[in-house]
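Please look through the structure below, together with its sequence.

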Amino acid sequence: MDYQKVTVAGSGVLGSQIAFQTAFKGFQVSVYDITDEAVSQAKERIAKLKPRYQKHLGATEEEVNLAFDRITFYSDLSQAVADADLVIEAVPEVVEIKLDFYKKLGAVAPEKTVFATNSSTLLPSQFAEATGRPEKFLALHFANQICVSNTAEVMKHPGTDEKVFTDLIEFAKAIGMVALPIHKEQPGYILNSLLVPLLEAAEMLLVNEIADVETIDKTWQIATGAPKGPFAILDIIGVTTAYNIANAKAQSGNPEFVKIANYLKTEYIDKGKLGIATGEGFYTYKKQKTKEADLLNV
(Lines give C-alpha, C1' and ligand atoms only; values in the text may rest on other atoms or scores of the structure.)
Protein backbone atom coordinates (compact mmCIF):
# COMPACT_ATOMS: atom_id res chain seq x y z
CA MET A 1 0.00 0.00 0.00
CA ASP A 2 1.62 3.25 -1.11
CA TYR A 3 -1.23 5.71 -0.64
CA GLN A 4 -0.04 9.17 0.34
CA LYS A 5 -2.74 11.57 -0.84
CA VAL A 6 -6.35 10.92 0.09
CA THR A 7 -9.46 12.83 -0.96
CA VAL A 8 -12.64 12.67 1.09
CA ALA A 9 -15.67 13.58 -1.02
CA GLY A 10 -18.56 14.77 1.13
CA SER A 11 -17.85 16.81 4.24
CA GLY A 12 -20.81 15.95 6.44
CA VAL A 13 -20.49 14.61 9.97
CA LEU A 14 -18.81 11.34 9.04
CA GLY A 15 -16.89 12.67 6.05
CA SER A 16 -15.31 15.30 8.27
CA GLN A 17 -14.34 12.67 10.82
CA ILE A 18 -12.77 10.46 8.14
CA ALA A 19 -10.79 13.42 6.83
CA PHE A 20 -9.43 14.46 10.21
CA GLN A 21 -8.59 10.90 11.31
CA THR A 22 -6.70 10.32 8.06
CA ALA A 23 -4.80 13.59 8.44
CA PHE A 24 -4.13 12.87 12.12
CA LYS A 25 -2.34 9.69 11.04
CA GLY A 26 -0.03 11.62 8.73
CA PHE A 27 -1.69 11.52 5.30
CA GLN A 28 -2.21 14.55 3.07
CA VAL A 29 -5.97 15.01 2.78
CA SER A 30 -8.19 16.94 0.39
CA VAL A 31 -11.80 17.56 1.35
CA TYR A 32 -14.33 18.11 -1.43
CA ASP A 33 -17.88 19.39 -1.27
CA ILE A 34 -20.21 20.85 -3.87
CA THR A 35 -20.36 24.51 -2.76
CA ASP A 36 -18.08 27.06 -1.13
CA GLU A 37 -20.60 27.32 1.70
CA ALA A 38 -20.40 23.58 2.36
CA VAL A 39 -16.61 23.77 2.31
CA SER A 40 -16.66 26.64 4.82
CA GLN A 41 -18.91 24.60 7.11
CA ALA A 42 -16.54 21.65 6.72
CA LYS A 43 -13.61 23.72 7.97
CA GLU A 44 -15.57 24.68 11.07
CA ARG A 45 -16.81 21.12 11.64
CA ILE A 46 -13.33 19.62 11.35
CA ALA A 47 -11.74 22.27 13.57
CA LYS A 48 -14.21 21.31 16.31
CA LEU A 49 -12.80 17.78 16.30
CA LYS A 50 -9.48 18.96 17.74
CA PRO A 51 -10.52 19.03 21.42
CA ARG A 52 -12.19 15.64 21.01
CA TYR A 53 -8.86 14.10 20.00
CA GLN A 54 -7.16 15.81 22.91
CA LYS A 55 -9.78 14.50 25.31
CA HIS A 56 -10.24 10.94 24.04
CA LEU A 57 -6.81 10.17 22.57
CA GLY A 58 -4.56 12.35 24.67
CA ALA A 59 -3.34 14.22 21.59
CA THR A 60 -1.38 17.41 22.10
CA GLU A 61 -2.41 20.78 20.74
CA GLU A 62 0.53 20.64 18.34
CA GLU A 63 -0.55 17.23 17.01
CA VAL A 64 -4.13 18.29 16.27
CA ASN A 65 -3.00 21.54 14.69
CA LEU A 66 -0.55 19.68 12.44
CA ALA A 67 -3.35 17.30 11.45
CA PHE A 68 -5.61 20.20 10.49
CA ASP A 69 -2.79 21.77 8.48
CA ARG A 70 -2.53 18.59 6.39
CA ILE A 71 -6.06 19.18 5.08
CA THR A 72 -6.92 21.29 2.04
CA PHE A 73 -10.44 22.15 0.97
CA TYR A 74 -12.03 22.33 -2.49
CA SER A 75 -15.37 22.95 -4.15
CA ASP A 76 -13.89 21.94 -7.52
CA LEU A 77 -13.85 18.16 -7.91
CA SER A 78 -11.06 18.03 -10.52
CA GLN A 79 -8.76 20.05 -8.25
CA ALA A 80 -9.66 17.98 -5.20
CA VAL A 81 -8.65 14.70 -6.86
CA ALA A 82 -5.85 15.94 -9.13
CA ASP A 83 -3.18 13.71 -7.55
CA ALA A 84 -5.25 11.47 -5.28
CA ASP A 85 -4.17 7.91 -4.59
CA LEU A 86 -7.50 7.17 -2.90
CA VAL A 87 -10.91 8.85 -2.91
CA ILE A 88 -13.27 8.02 -0.05
CA GLU A 89 -16.84 8.89 -1.01
CA ALA A 90 -19.12 10.03 1.82
CA VAL A 91 -21.95 11.72 -0.11
CA PRO A 92 -25.64 11.30 0.88
CA GLU A 93 -27.07 7.78 1.01
CA VAL A 94 -29.13 8.25 -2.15
CA VAL A 95 -28.51 6.01 -5.17
CA GLU A 96 -29.03 8.72 -7.79
CA ILE A 97 -26.66 11.14 -6.03
CA LYS A 98 -23.94 8.52 -5.75
CA LEU A 99 -24.32 7.40 -9.37
CA ASP A 100 -24.05 10.98 -10.60
CA PHE A 101 -21.04 11.61 -8.38
CA TYR A 102 -19.14 8.54 -9.60
CA LYS A 103 -19.71 9.41 -13.24
CA LYS A 104 -18.23 12.85 -12.62
CA LEU A 105 -15.41 11.48 -10.48
CA GLY A 106 -14.41 8.84 -13.02
CA ALA A 107 -14.06 11.52 -15.67
CA VAL A 108 -11.59 13.68 -13.73
CA ALA A 109 -9.65 11.37 -11.37
CA PRO A 110 -6.19 10.08 -12.39
CA GLU A 111 -6.02 6.53 -13.69
CA LYS A 112 -4.15 5.39 -10.56
CA THR A 113 -6.87 6.52 -8.15
CA VAL A 114 -8.78 3.94 -6.13
CA PHE A 115 -12.38 4.75 -5.21
CA ALA A 116 -13.98 3.62 -1.93
CA THR A 117 -17.57 4.21 -0.84
CA ASN A 118 -18.48 4.76 2.79
CA SER A 119 -22.09 3.81 2.08
CA SER A 120 -23.88 2.41 5.13
CA THR A 121 -26.34 0.09 3.39
CA LEU A 122 -25.76 0.17 -0.39
CA LEU A 123 -23.59 -2.34 -2.23
CA PRO A 124 -20.46 -1.36 -4.19
CA SER A 125 -21.68 -3.42 -7.17
CA GLN A 126 -24.54 -0.91 -7.54
CA PHE A 127 -22.01 1.76 -8.54
CA ALA A 128 -19.06 -0.22 -9.90
CA GLU A 129 -19.78 0.35 -13.60
CA ALA A 130 -20.54 4.05 -13.06
CA THR A 131 -17.03 4.54 -11.69
CA GLY A 132 -15.43 3.50 -14.99
CA ARG A 133 -12.88 1.48 -13.02
CA PRO A 134 -14.76 -1.34 -11.25
CA GLU A 135 -11.55 -3.22 -10.49
CA LYS A 136 -10.37 -0.23 -8.39
CA PHE A 137 -13.63 0.23 -6.52
CA LEU A 138 -14.86 -1.20 -3.21
CA ALA A 139 -16.42 -0.21 0.11
CA LEU A 140 -14.75 1.25 3.19
CA HIS A 141 -17.32 1.74 5.92
CA PHE A 142 -16.61 3.55 9.19
CA ALA A 143 -18.66 3.70 12.38
CA ASN A 144 -19.57 7.16 13.62
CA GLN A 145 -17.22 8.83 16.13
CA ILE A 146 -14.38 7.01 14.44
CA CYS A 147 -11.61 8.23 16.74
CA VAL A 148 -13.01 5.92 19.45
CA SER A 149 -15.33 3.56 17.52
CA ASN A 150 -12.45 2.67 15.25
CA THR A 151 -13.81 -0.06 13.01
CA ALA A 152 -13.38 -0.05 9.24
CA GLU A 153 -15.28 -2.62 7.21
CA VAL A 154 -13.55 -3.29 3.88
CA MET A 155 -15.90 -4.99 1.43
CA LYS A 156 -15.14 -5.91 -2.16
CA HIS A 157 -17.55 -6.64 -4.99
CA PRO A 158 -17.01 -9.49 -7.49
CA GLY A 159 -14.95 -7.28 -9.81
CA THR A 160 -12.60 -5.74 -7.24
CA ASP A 161 -8.93 -6.46 -7.85
CA GLU A 162 -7.49 -8.52 -4.98
CA LYS A 163 -4.50 -6.19 -4.53
CA VAL A 164 -6.82 -3.19 -4.23
CA PHE A 165 -8.71 -5.09 -1.53
CA THR A 166 -5.58 -5.93 0.46
CA ASP A 167 -4.16 -2.42 0.00
CA LEU A 168 -7.30 -0.86 1.43
CA ILE A 169 -7.15 -3.19 4.43
CA GLU A 170 -3.59 -1.96 5.05
CA PHE A 171 -4.70 1.66 4.63
CA ALA A 172 -7.46 1.17 7.20
CA LYS A 173 -4.87 -0.12 9.66
CA ALA A 174 -2.54 2.76 8.83
CA ILE A 175 -5.14 5.32 9.92
CA GLY A 176 -5.71 3.58 13.24
CA MET A 177 -8.71 1.45 12.39
CA VAL A 178 -9.47 -2.15 13.24
CA ALA A 179 -9.79 -3.47 9.68
CA LEU A 180 -12.64 -5.93 9.12
CA PRO A 181 -12.33 -7.71 5.74
CA ILE A 182 -15.63 -8.71 4.11
CA HIS A 183 -15.10 -11.06 1.19
CA LYS A 184 -18.68 -11.22 -0.09
CA GLU A 185 -21.15 -8.39 -0.61
CA GLN A 186 -23.67 -8.00 2.18
CA PRO A 187 -26.20 -5.14 2.45
CA GLY A 188 -25.35 -3.39 5.70
CA TYR A 189 -21.97 -5.10 5.94
CA ILE A 190 -21.47 -6.50 9.48
CA LEU A 191 -22.19 -3.50 11.69
CA ASN A 192 -25.36 -2.27 10.02
CA SER A 193 -26.68 -5.78 9.41
CA LEU A 194 -26.86 -5.89 13.19
CA LEU A 195 -27.65 -2.23 13.92
CA VAL A 196 -30.16 -1.13 11.26
CA PRO A 197 -32.89 -3.66 12.22
CA LEU A 198 -32.65 -2.41 15.81
CA LEU A 199 -32.97 1.24 14.77
CA GLU A 200 -35.85 0.51 12.38
CA ALA A 201 -37.68 -1.49 15.05
CA ALA A 202 -37.33 1.50 17.40
CA GLU A 203 -38.62 3.88 14.73
CA MET A 204 -41.64 1.64 14.11
CA LEU A 205 -42.44 1.53 17.83
CA LEU A 206 -42.34 5.33 17.87
CA VAL A 207 -44.40 6.08 14.76
CA ASN A 208 -46.99 3.47 15.72
CA GLU A 209 -47.30 5.22 19.11
CA ILE A 210 -46.36 2.12 21.12
CA ALA A 211 -43.98 4.11 23.33
CA ASP A 212 -42.06 7.39 23.37
CA VAL A 213 -38.38 7.97 22.60
CA GLU A 214 -37.19 7.95 26.20
CA THR A 215 -39.10 4.78 27.13
CA ILE A 216 -37.83 2.87 24.11
CA ASP A 217 -34.23 3.89 24.80
CA LYS A 218 -34.50 3.17 28.53
CA THR A 219 -35.91 -0.29 27.81
CA TRP A 220 -32.99 -1.18 25.56
CA GLN A 221 -30.36 0.22 27.91
CA ILE A 222 -31.63 -1.41 31.09
CA ALA A 223 -32.47 -4.77 29.55
CA THR A 224 -29.22 -5.20 27.60
CA GLY A 225 -26.72 -3.03 29.47
CA ALA A 226 -26.10 -0.96 26.33
CA PRO A 227 -24.63 2.51 26.99
CA LYS A 228 -27.03 4.18 24.51
CA GLY A 229 -30.51 3.47 23.24
CA PRO A 230 -31.47 3.40 19.55
CA PHE A 231 -32.62 7.02 19.38
CA ALA A 232 -29.46 8.31 21.06
CA ILE A 233 -27.56 6.31 18.42
CA LEU A 234 -29.70 7.82 15.66
CA ASP A 235 -28.85 11.32 16.90
CA ILE A 236 -25.16 10.45 16.53
CA ILE A 237 -25.64 8.99 13.06
CA GLY A 238 -27.85 11.90 12.00
CA VAL A 239 -31.58 11.96 11.33
CA THR A 240 -31.00 12.76 7.65
CA THR A 241 -29.21 9.44 7.14
CA ALA A 242 -32.04 7.59 8.91
CA TYR A 243 -34.54 9.38 6.66
CA ASN A 244 -32.62 8.57 3.48
CA ILE A 245 -32.53 4.87 4.38
CA ALA A 246 -36.23 4.78 5.28
CA ASN A 247 -37.19 6.76 2.18
CA ALA A 248 -35.26 4.40 -0.10
CA LYS A 249 -37.18 1.46 1.36
CA ALA A 250 -40.43 3.41 1.13
CA GLN A 251 -39.99 3.60 -2.66
CA SER A 252 -40.87 -0.10 -2.84
CA GLY A 253 -44.28 0.76 -1.39
CA ASN A 254 -43.70 -0.70 2.08
CA PRO A 255 -46.28 1.20 4.18
CA GLU A 256 -44.23 0.96 7.39
CA PHE A 257 -41.27 2.71 5.81
CA VAL A 258 -43.50 5.28 4.10
CA LYS A 259 -44.80 6.10 7.55
CA ILE A 260 -41.33 6.30 9.08
CA ALA A 261 -39.94 8.46 6.27
CA ASN A 262 -42.86 10.89 6.46
CA TYR A 263 -42.60 11.09 10.24
CA LEU A 264 -38.85 11.78 10.24
CA LYS A 265 -39.25 14.46 7.59
CA THR A 266 -42.15 16.36 9.13
CA GLU A 267 -41.25 16.02 12.81
CA TYR A 268 -37.48 16.33 12.61
CA ILE A 269 -35.87 17.27 9.29
CA ASP A 270 -38.31 20.04 8.38
CA LYS A 271 -37.81 21.48 11.88
CA GLY A 272 -34.02 21.39 11.65
CA LYS A 273 -33.72 18.66 14.28
CA LEU A 274 -30.99 16.63 12.62
CA GLY A 275 -29.26 15.17 15.67
CA ILE A 276 -26.15 16.07 17.64
CA ALA A 277 -24.73 18.06 14.71
CA THR A 278 -27.49 20.67 15.06
CA GLY A 279 -27.86 20.46 18.84
CA GLU A 280 -31.27 18.80 18.68
CA GLY A 281 -32.71 15.60 17.27
CA PHE A 282 -34.64 13.06 19.27
CA TYR A 283 -32.91 14.69 22.26
CA THR A 284 -31.69 18.22 22.96
CA TYR A 285 -27.97 18.73 23.58
CA LYS A 286 -26.47 21.56 25.61
CA LYS A 287 -23.07 22.98 24.91
CA GLN A 288 -20.39 22.71 27.59
CA LYS A 289 -19.29 25.98 29.15
CA THR A 290 -15.63 24.98 29.21
CA LYS A 291 -12.61 25.20 26.98
CA GLU A 292 -14.44 22.54 24.93
CA ALA A 293 -17.30 24.93 24.29
CA ASP A 294 -17.45 23.94 20.66
CA LEU A 295 -18.19 20.33 21.54
CA LEU A 296 -21.71 19.21 22.23
CA ASN A 297 -22.16 17.62 25.64
CA VAL A 298 -23.39 14.12 24.81
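Gln-145 is found in the loop between β6 (137–142) and β7. The model is a predicted one. Although Gln-145 is not a glycine, its phi is positive, at about 55 degrees. Its relative accessible area is 23%, so Gln-145 is partly exposed, since the buried class is kept for values under 20%.

Gln-145 also takes part in the lining of the largest cavity, together with Gln-17, Leu-49, Arg-52, Tyr-53, Ile-146 and Cys-147. The volume of this largest cavity is about 40 Å³. How many cavities of 30 Å³ or more are there? The count comes to 1. By class, the lining of the largest cavity has 4 nonpolar residues, 2 polar residues and 1 charged residue.

A second residue with a positive phi is Glu-209, at about 60 degrees, and Glu-209 is not a glycine either. Glu-209 sits in the loop between α9 and α10 (213–224). Is Glu-209 buried or exposed? Glu-209 counts as exposed because its relative accessibility is 72%, and the exposed class takes in values over 50%.

His-157 has its place in the loop between β7 (151–155) and α8 (162–174). With a relative accessibility of 7%, His-157 counts as buried. Which residues are in contact with His-157, leaving aside its neighbours within four places in sequence? They are Pro-124, Ser-125, Ala-128, Pro-134, Phe-137 and Glu-185. Of these, Phe-137 belongs to the range 137–142, which is that of β6.

Gly-12 lies in the loop between β1 (5–9) and α1 (13–24). Gly-12 is partly exposed, because its relative accessibility is 32%. From Gly-12 to Asp-100 there are 88 residues in sequence, and the C-alpha to C-alpha distance between the two is 18 Å. Asp-270 is in the segment after α13 (255–267). The relative accessible area of Asp-270 is 49%, so this residue is partly exposed; the exposed class needs a value over 50%. Asp-270 and Phe-115 are 155 residues apart in sequence, with 33 Å between their C-alpha atoms.

The pockets are the next topic. The second largest pocket holds about 290 Å³ of space. Its lining is made up of 18 residues, and those nearest the centre of the pocket are Glu-93, Leu-122, Asn-244, Ile-245 and Ala-248. Which helices each supply at least two residues of this lining? They are α6 (95–108), α9 (191–207) and α12 (239–250). With 5 residues, α12 gives the most to the lining of the second largest pocket. Sorted by class, the lining of this pocket consists of 8 nonpolar, 7 polar and 3 charged residues.

The largest nonpolar core has 42 residues, and the members that touch the most other members are Leu-86, Leu-140, Leu-168 and Phe-171. Another core lies apart from the largest one; it has 22 residues, among them Val-207, Val-213, Ile-216 and Ala-261.

Last comes the chain as a whole. The chain has 13 helices and 8 strands. Of its 298 residues, 49% are buried. Among contacts between residues at least 6 apart in sequence, 65% join residues at least 24 apart. Along the principal axes, the C-alpha atoms fill a box of roughly 55 × 50 × 35 Å. How does the radius of gyration stand against that of a compact globule, and what is its value? The chain has a radius of gyration of 19 Å, and this agrees with a compact globule, because a globule of 298 residues would have a value near 19 Å.

Technical notes
Residues numbered from 1 in each chain as written. Predicted model: local features only at pLDDT ≥ 70, side-chain atom pairs only at ≥ 80, totals over all residues. Heavy atoms only, no water. 1 Å grid on protein atoms, 1.4 Å probe; cavity = no way out; pocket = protein on both sides within 12 Å on 5 of 7 lines; lining within 4 Å. Points joined across faces, edges and corners; volume = space filled by probe spheres on them. Helix = DSSP H or I, 4+ residues; strand = E, 2+ residues; numbered from the N terminus. Nonpolar A, V, L, I, M, F, W, Y, C, P; charged D, E, K, R; others polar. Core = buried A, V, L, I, M, F, W, Y, C linked by side-chain atoms within 4.5 Å. Buried < 20%, exposed > 50% of the residue type's maximum accessible area, 1.4 Å probe, protein only. Rg over C-alpha atoms; globule rule 2.2 N^0.38 Å. Contact = heavy atoms within 4.5 Å.
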